[in-house]
Amino acid sequence: GLSPLTQEKTPSFSIDADCKRFYDFSSGKGGGIIKFIMLHHKVDSETAIRMAAKYAGIDPDAQEYRRFESTKLLKRLSKLKPLEFKDDKTFLLPDVMDRYPFDLDGLKPWVDEGISIDSLRKFEVRYDATSQSILFPIKDENGNILVIKARLFDKHKLDNGAPKYSCLSKWGSNNTLYGLFENKRSILDNSEVIIFEGEKSVMKCDSWGTNTAVAALTSHLNDAQIHTLIKLGASVVIAFDKGINPTADSNIRKLKHFVGVSAIIDSKGLLEDKDAPVDKGLEVFNTLYQSRIRLN
C-alpha cells in the first residue's frame, strides 16, 4: 500500500504477516510494531511501548506488572526476527502472460494515455476481462518474471476501497529495476539511464522513442538497485515524481561516487503536485529533461 511514513504516489509499503514486520521502500526503513510506532508518531522506544501497551489494554503504570507486561506485549505483537531481504529465486513460467489476451478494447485506457501498441507488446501488457484489470509482468534484468502486477479498472471495486495496483502473487523484496531487461542494450549504447518511479512512465517514454528508461517502483533507490546501476556504468538521470527530493536519498548520494548523476527538477512549475515528469506530454518532458540539474 501507500506508505504512511512518506508522501508517495506509487505503493511501496509492505507488511509480512507471517513474521509481523514491515518494510517501507520509499524511506528504506523497516522493523516490527514498536519501530513502526516510533517512526509514525516520531517518539522514542519507551514512549512507543507505552502507546502499544495502552492500545492493547495494558496499564503501563502498574509497576508490579510493568516489565512482565512490556515483555509479553513485545512477544505478542512482534516475532523478533532479524530483518532480512532475500530473493527466493522463484520465477513465474516464461509464457505465463500468454494466458491473457492482448485485448485492445481492454487496453484502451492506456492507449488513450499515450502508450503505443508497440510498447504495450514490448512490455507484454495484457488485459484480464474477468478481473477488469490491465496486467503486466515485472522482470529482473535477465528477463525472469518475478510477479504479475494488475491495474484494476472495476469501478465498483475501486469505489469500495480496492487498491488500484496489486500483485497477483506474493513478491519478496524489490531488487530490480523495471524495464532494464527490455532496455538494457539501448542504455549501454547511450551510456545513460533515466529512472522513473512507475512502470507507465517507462512505457510512455518508450512510445516516444526514448528506450533508456527504467522504474524504481517507488521513490527510493535501494542497495540492490544501486549495485545494478554501478555495474551498468551509465550516467543516471533521476526522474522521480514532483515533490520528491532526490538529494535527500542517501543511496543516491552513494551512487554519485561511482557514476554521473543528474535530476529532473520542475523549477518552472510545469507539473502538478505528485505528477511524473511524463504526465504532461512529450514537449514538457523534453523541457524538463533539457534543464536537468547535475548532482555531482
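Two strands pair if DSSP finds at least two bridges between them. Strands (E, at least two residues) and helices (H or I, at least four) are DSSP runs, numbered from the N terminus. This is a predicted model: local features need pLDDT of at least 70, side-chain atom pairs count only at pLDDT 80 or more, and totals for chains, interfaces and linings use all residues. Residues are numbered from 1 along each chain as its sequence is written, and side-chain values use heavy atoms, with hydrogens and water left out.

**View A. Strand E6 and its partners.** Here E6 meets strand E7 (residues 165–167) through three bridges, running antiparallel. Ala150 sits opposite Ser166 in E7. Strand E5 (residues 133–139) also pairs with E6, again antiparallel, over seven bridges, and Ser133 faces Leu152 in E6.

**View B. The E5–E6 hairpin.** Five residues lie between E5 and E6, and Gly143 in the turn has a positive phi of about 90°. What about burial in E6 (residues 145–152)? Eight of its eight residues are buried (under 20% relative accessible area, 1.4 Å probe, protein chains only), so E6 is largely enclosed by the rest of the structure.

Terms used:
Buried means under 20% relative accessible area, exposed over 50%, partly exposed in between (1.4 Å probe, protein chains only).
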